[in-house]
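Colleague: Could you put the model up so that we can go through its side-chain packing together?
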Amino acid sequence: MKENSRLPSNQSPLYLGHRSRLRKRFLIDDGVSMPDYEMLELLLTMSIPRRDVKPLAKKLITEFGDLSGVVNAPLEELLKFTGISENTATLIKLVKVCGLRSAGEKLGSRENDIFENWADFISYCRQKLAYERNEECIAFYFDAAGKFLYEDKLEKGTINRTRVDARKIIQDVIYYNATSVILVYNYPSGNYKPSKEDIH
């Protein structure tokens, strides 16, 4: 049976009106008043036509916890869901990448000391690492005025270990003429107390 074959010829599927209402609600306040599943539902409508995507949006939120969890979910896990094509998964991942790029450009455009924009820097680091499943270390290099120069993902390790090459950091300090470096780690194991190796 063809989709919507029971509908009168002059009647549109109910989800079309719902999609229009979602868009209008989003445009009123940039989605501030919308719960996570509705934001995700609106996003899914951009790549999944002619289907009610609310059940899929709710299922994804249940699986990954919240909208951030969905956007940061590994590609292979998104593709396991019925109804998530590679095109849809790419759109979801694009949201994360666009957010990170925008935040990174904002960080790099600041002329003043990084410590005067510390909250923005911490927010950016959380976006980069909070949902990673393995330990990672990123080095951020700054000049004498505290202005951001360069960012380098040093290593991607395991769930509880990553290796950092001190020689590589020193080489980059010299190359970029940096006067300070901030190393950022994540702790996917949940134990965020620095180990002796971390301190060393």
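Colleague: Which ring does the charged end of Lys58 sit over?
Modeller: The charged end of Lys58 sits over the ring of Tyr37, 4.8 Å from the ring centre, where "over" requires NZ of Lys or CZ of Arg within 6 Å of the centre and within 35 degrees of the ring normal. This is a predicted model, so local features need pLDDT of at least 70 and side-chain atom pairs count only at pLDDT 80 or more, while totals for chains, interfaces and linings use all residues. Residues are numbered from 1 along each chain as its sequence is written, and side-chain values use heavy atoms, without hydrogens and water.
Colleague: And how many aromatic pairs does the structure hold?
Modeller: There are 13 aromatic pairs, counted when ring centres of Phe, Tyr or Trp (its six-membered ring) lie within 6.5 Å, with planes under 30 degrees apart called stacked, over 60 edge-to-face and the rest tilted. Phe121 and Phe142 are edge-to-face, because their centres are 6.1 Å apart and their planes stand at 80 degrees.
Colleague: Why does that pair tie together separate parts?
Modeller: Phe121 lies in helix α7 (residues 118-129) and Phe142 in strand β1 (residues 136-142), so the pair joins parts 21 residues apart in sequence; helices (H or I, at least four residues) and strands (E, at least two) are DSSP runs numbered from the N terminus.
Colleague: Is Phe121 buried or exposed?
Modeller: Phe121 is buried, at 1% relative accessible area, where buried means under 20%, exposed over 50% and partly exposed in between (1.4 Å probe, protein chains only).
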